[in-house]
Amino acid sequence: MMFAPVIIFFIIFKYVPMYGAIIAFKKYNFTDGILHSPWVGLDNFKLLFSTPTTIQIIRNTLALSLLSIVAGFPFPILLAVLLNEVRRMWFKKIVQTLVYLPHFFSWVIVSGIVVTIFSQQNGVVSGLWESLTGRSYPFLYREGSWLAIFVGSGIWKEAGFSAIIYLAALTSIEPSLYEASSMDGASRWKQLWHVTLPGIRTTIALMFILSMGRVMEVGFDQVYMLQNSTVSDISEVISTYIYKIGLMGAQFSLTTAIGLFESLVGLILVLGANAIARKYGNGLW
Amino acid sequence: MKPSLGERIYLIGVYMVLTVAALMCLLPLVHIVSVSTSSLQAVASGRVTLFPIDASLEAYRQLIDGTPIVRAMWNSAYITVAGILFSMTFTVLAAYPLTRSYFIGRRMYTFAIVFTMLFGGGLIPTYMTIRSLELINTYWSLWLPGLVSVFNMLVLRTSIENIPSEIDEASRIDGCGEWRYLLRIVLPLSMPVLATLALFYGVGYWNSFFNVLMFINDPAKFNMAVLVQQMIQSQTMLSQLNALGSSEQLQLSPEMVNAAAVVVMVLPMLVVYPLLQKYFVKGVMIGAVKG
Amino acid sequence: MKKGTESMKTWKIRTGTVVACMLASAAILVAACSNNAGNGNSNASSAPSKDGGAASEQAAKPKISVSIYDRGNVPQEMGTIGNNRWTQWLNDNGPVEAQYVPIPRGESVQKLNLLFASNDAPDVVAEFDTSFRHQLYQQKQILAVDELVDQYSVSYKQLMEKYPEMKKAATKPDGKMYEFGRVQQLMGFQALFIRNDWLKKLNLSVPETPEELFEVVKAFTENDPDGNGQKDTFGIALSGETGGAINTMFRDVDWVLKDGKLVRGWEQKNAANAFKKRLYDAGLVDKDFLADTNGQKAQQDWNSGKIGIFVGRTIDPVNLTTFYEPLKNNVPDAEVIAIKLPRSEYGRFAIGVNNPVQMTTVINAKAKNPEAAMKYIDLMASTEVGEMLRYGQEGADSVRGSNGCLKPKDPAHFTKELSWALDFQLLMSQIELEPCAGILSQLDPANPLEKDFLELVKQNLEANLGEGVEYAPITHGEHMPTLPDELSVIRTNVSKVADFYNKAIVSGPAYTVEQAYAEAMDLWNKSGGEQLESFYSDWYDNNKDTAFLAKDMWKFVIKS
């Protein structure tokens with residue numbers, strides 16, 4: 001059967017290496033290796049959760065990530081739907097290519113752009129703000145505005161790229177459905193709601209469930225490049241924390257424990273999202 | 001039929017929003033190109049905004065002459081093209097059976113596969129696996145561990161599921177076998193999604209960086225992403241190292257090399273994408289029917 | 001556990017066949033491409049190689065593997081970092097045949113971790129990261145080398161006799177020596193640059209105290225020193241290394257000596273941040289310094305003549321092009337001097353110096369032939385080899401300059417042949433090549449810009465190493481003790497203290513330094529900061545006579 005090589009692939013490259021996760025319950029060292037390092041039970045988790053900052057970091061991770069997902073989720077769909085409305089081929093192609101570009105910029109570059117725009121001293125937006133209100137506003141150094149910038153830059157970077165999936169899904173909508181609704185005198189706006197969006201419903205559900213699995217992984221680069229001291233109360237997340245721990249020497253067991261915790265939360269959320277989606281007939285399994 | 005006033009406003013709105021979005025994405029690229037083609041002095045003093053100052057292609061000349069970037073580009077292309085072929089093959093093989101209603105245990109398999117997206121053993125065991133298969137320092141170490149992306153596989157599965165079951169039934173009556181059905185009916189109907197996934201895999205392989213560093217030892221086999229990263233780092237590290245410098249090499253700031261490297265990395269992606277776009281174009285045809 | 005090993009075995013057997021299948025199915029697809037890969041390989045190996053005679057000689061030499069940083073900067077025609085003119089030269093002329101294992105510089109620790117975890121690590125490992133080497137020591141992955149040095153070393157032994165501090169720096173807590181390194185002359189690393197033309201124009205003198213510094217900064221910001229009629233200059237930078245220098249001015253270096261004990265310097269931290277806050281509140285610095293994480297914006301401002309006081313470096317000729325040349329191009333009349341840090345109530349301190357005794361190299365505990373590894377290290381530490389790797393062949397690559405020192409014969413040729421070979425010099429003690437190795441010998445007084453910078457280097461030598469200047473920390477960061485795992489987690493957790501203080505700097509009256517201090521203390525106590533305190537103070541009590549401290553660093557000052 002054609003599925004056999006796939007099963008083998010997943011076993012060898014995904015399931016077998018999973019034994020490595022046991023070092024979360026061990027004190028890993030090179031000499032003994034993964035299998036023979038001494039067991040320490042839940043010590044790594046205790047160390048992790050006993051520090052006063054941990055709760056804050058987990059809270060931040062969840063908050064930043066959910067905010068990015070919730071706020072960012074509609075944009076690729078919107079972009080795809082809008083592009084779908086466009087009939088001028090050249091325009092569609094150019095716009096599509098341009099919005100797909102930012103995906104390839106590293107966060108170093110994006111953060112440079114953000115600072116140019118929002119810096120207090122001579123940022124473009126700050127200048128505008130100052131001429132309107134007469135005062136400068138520290139956009140990068142207030143938690144609220146920083147959050148908006150954080151989420152917005154993520155949307156800017158990824159919306160165009162993510163829209164591709166929806167664009168592909170849109171092509172599978174039967175043209176006859178549009179014709180029919182057009183005959184019924186439905187406006188374009190109505191068609192959007194009654195034909196286009198239902199047509200990509202399954203894709204939307206899929207993307208939503210999968211995004212839940214990534215809730216605990218706020219991209220390291222994004223936070224690391226955008227954060228500054230004044231917002232660290234809300235910007236310190238698990239990945240930046242692991243990075244800091246890693247700087248002080250390789251803590252394999254500890255970082256694996258964190259990873260395991262992240263995975264567990266992701267699993268719970270995916271199961272939950274899938275359960276909801278199943279109620280509407282769009283579950284993954 | 002002439003569009004109504006409401007429709008016109010709607011369309012104008014659509015075009016305007018898209019134009020603004022496109023401009024927002026274009027300007028930074030223009031800036032990056034300008035930085036990479038300006039003089040060191042202009043860049044170092046932050047005078048470069050949208051247009052190059054004292055334009056020169058020195059950054060690119062150094063990239064091509066001073067570094068193995070041409071070799072790296074070939075490696076990247078090789079890794080990407082072969083990687084797409086392998087990954088697409090296996091992704092289809094994974095996704096298609098999961099859409100067959102008679103395939104027993106497909107829910108379990110789906111869950112088992114999604115599970116691997118969430119849980120992993122970490123770098124060391126993956127390395128050990130690849131090592132025990134004696135694939136270290138070969139490109140197989142890049143292709144095999146990432147052969148099937150769960151995300152991509154599910155996208156394809158969803159799209160295959162959306163093929164109306166009447167088509168399946170019709171082809172059965174015609175005596176179509178499983179493989180024939182897959183190759184003749186399912187794949188052609190899924191072209192837009194397949195093109196998308198090929199793009200996603202391609203971008204992934206093209207940008208693969210960390211795995212190359214960890215699993216490939218021979219610098220002659222490095223791809224562009226690695227080389228570019230190394231150049232950026234070594235430029236800044238130069239000054240940290242207590243070393244002889246030759247002023248010849250320092251006509252460029254790390255920022256400029258970075259910019260030039262971004263351009264070189266992004267350019268192929270920019271060229272390839274419009275070629276793939278024709279597969280998403282069907283959506284436009286719908287619009288044409290409407291008007 | 002047993003079950004685990006069993007499953008691993010079965011999997012190994014199975015994977016053999018599986019991969020065969022997978023490969024077979026893919027083979028057709030790749031056939032077209034594999035040509036290409038073949039070419040790549042042959043390119044690498046076809047780098048210039050010596051002929052048969054040398055090769056047969058090599059066969060008798062013991063083989064070892066050696067790590068080498070790969071920075072991706074080897075020109076294509078020179079081969080690769082692991083196989084090139086210099087590796088061949090070393091193998092032809094040295095006592096061993098070294099096989100080089102490239103380690104990507106940016107991810108070196110991760111790659112080495114993998115190699116150690118899978119028993120693939122090279123016999124000789126070079127890594128700058130002190131805590132990584134210490135981790136290898138703690139996990140018993142590296143050899144104690146006292147006997148090896150005794151028995152098999154010539155040049156390294158001589159070096160150690162000449163500079164006993166090398167042993168001090170290489171000795172681990174169990175009293176044995178584990179590391180090899182290199183010795184350099186002590187130099188000014190960071191320099192406090194100030195625009196002398198601005199001082200003159202505004203009739204100011206070089207600031208000697210923080211208070212005078214504040215006044216100069218204020219004048220630089222408000223009195224239009226560049227004379228363009230706009231208030232567009234900053235007196236001083238707060239980001240990057242300049243911010244660090246202000247901390248140093250107040251001896252805010254985390255751990256300080258008090259009554260012979262090593263303690264946390266909160267008072268100093270408060271003083272430094274209060275000063276920064278004053279600068280910020282008075283509008284004398286870039287309001288966005290917090291967004292300028294690595295100081296690049298400040299450097300741009302310095303280069304375009306918009307900042308009056310800035311910390312740059314004078315350790316390497318490269319620094320001329322980064323910190324001086326662009327400024328002179330943009331503002332030809334600019335006049336720069338390197339000054340001492342002003343004297344605060346805590347003393348007068350060096351801005352920043354290099355690590356004169358830098359440990360770089362260890363021997364893998366699993367090395368099959370430690371003797372050969374030692375001989376390789378000995379080779380790399382010898383002056384002749386060091387000179388060869390640094391300057392190439394005399395006559396072909398470099399020539400003697402008027403000062404008797406070797407210098408590149410043709411800059412372009414030299415860049416191509418040698419500039420990327422720096423990482424072969426991690427065991428070369430530059431001090432042995434003096435006066436021909438440091439920056440002083442490499443700048444050409446005939447070139448006006450280089451002449452200016454030479455002057456700055458000398459001024460900075462005085463600013464850092466002159467009379468009455470103290471080193472603010474007890475020793476260079478690389479010689480501080482490495483924390484055990486639990487404590488390094490604590491240190492990570494309390495690193496947030498810096499955020500409180502930064503917040504205080506930019507928050508005006510809403511959040512003061514005192515408030516930051518209170519919050520910092522609270523976090524410190526809750527996170528177990530006192531464990532760090534006792535660790536450092538115990539370490540100092542027990543090791544103050546044997547550790548490599550500031551006074552040892554100052555033995556490497558060469559009076560010229």
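Two residues are taken to be in contact if their C-beta atoms, placed from the backbone, lie within 7 Å. By this criterion, the contact between chain A and chain B takes 71 residues from chain A and 67 residues from chain B. The structure is a predicted model, in which local features need pLDDT of at least 70 and side-chain atom pairs count only at pLDDT 80 or more, whereas totals for chains, interfaces and linings use all residues. Residues are numbered from 1 along each chain as its sequence is written, and chains are lettered from A and ligands numbered from 1 in the order in which they are written.

On the side of chain B that touches chain A, the elements giving two or more residues include α1 (5–37), α4 (69–99), α11 (191–207) and α14 (254–277) of chain B; helices (H or I, at least four residues) and strands (E, at least two) are DSSP runs, numbered from the N terminus. The most is given by α1(B), with 14 residues. The residues on this side of chain B comprise 47 nonpolar, 16 polar and 4 charged, where Ala, Val, Leu, Ile, Met, Phe, Trp, Tyr, Cys and Pro count as nonpolar, Asp, Glu, Lys and Arg as charged, and the others, Gly among them, as polar.

One helix pair links the two chains in this way: α5 (residues 74–85) of chain A packs on α1(B) with the axes 10 Å apart and at an angle of about 125°. Axes are lines fitted to C-alpha atoms, for helices over the stretch in contact, and angles run from 0 to 180 degrees between N-to-C directions. α5(A) is therefore oblique to α1(B), given that angles under 35 degrees count as roughly parallel, over 145 as roughly antiparallel, 65 to 115 as roughly perpendicular and the rest as oblique. The crossing of α5(A) and α1(B) is left-handed (the near helix is turned anticlockwise from the far one by less than a right angle; right-handed if clockwise). Leu79(A), Leu82(A), Leu83(A) and Glu85(A) of α5(A) meet Val14(B), Val17(B), Leu18(B) and Ala21(B) of α1(B). This contact has 7 nonpolar, no polar and 1 charged residues.

Chain A contains 16 helices and 0 strands, and its C-alpha trace spans about 75 × 70 × 30 Å along the principal axes. Of its 285 residues, 45% are buried (20 or more other C-beta atoms within 10 Å of the residue's own; exposed if 12 or fewer, and partly exposed in between). Within chain A, the axes of α4 (residues 52–72) and α9 (residues 143–170) come within 10 Å and cross at roughly 55°; α4(A) and α9(A) are therefore oblique to each other. Their crossing is right-handed. Residues Leu64(A), Leu67(A), Ser68(A), Ala71(A) and Gly72(A) of α4(A) meet Leu147(A), Phe150(A), Val151(A), Gly154(A) and Ile155(A) of α9(A), a contact with 7 nonpolar, 3 polar and no charged residues.

Chain C is assigned domain 1 (5–185 + 356–433) and domain 2 (190–352 + 449–556), with bounds from an automatic or database domain assignment. In chain C, 12 residues of domain 1 are in contact with 9 residues of domain 2. On the domain 1 side, α5 (130–138), α8 (165–170) and β11 (357–363) of chain C each supply at least two residues. Thr233(C) lies in the loop between α10 (210–222) and β6 (234–236) of chain C and is buried, with 21 other C-beta atoms within 10 Å.
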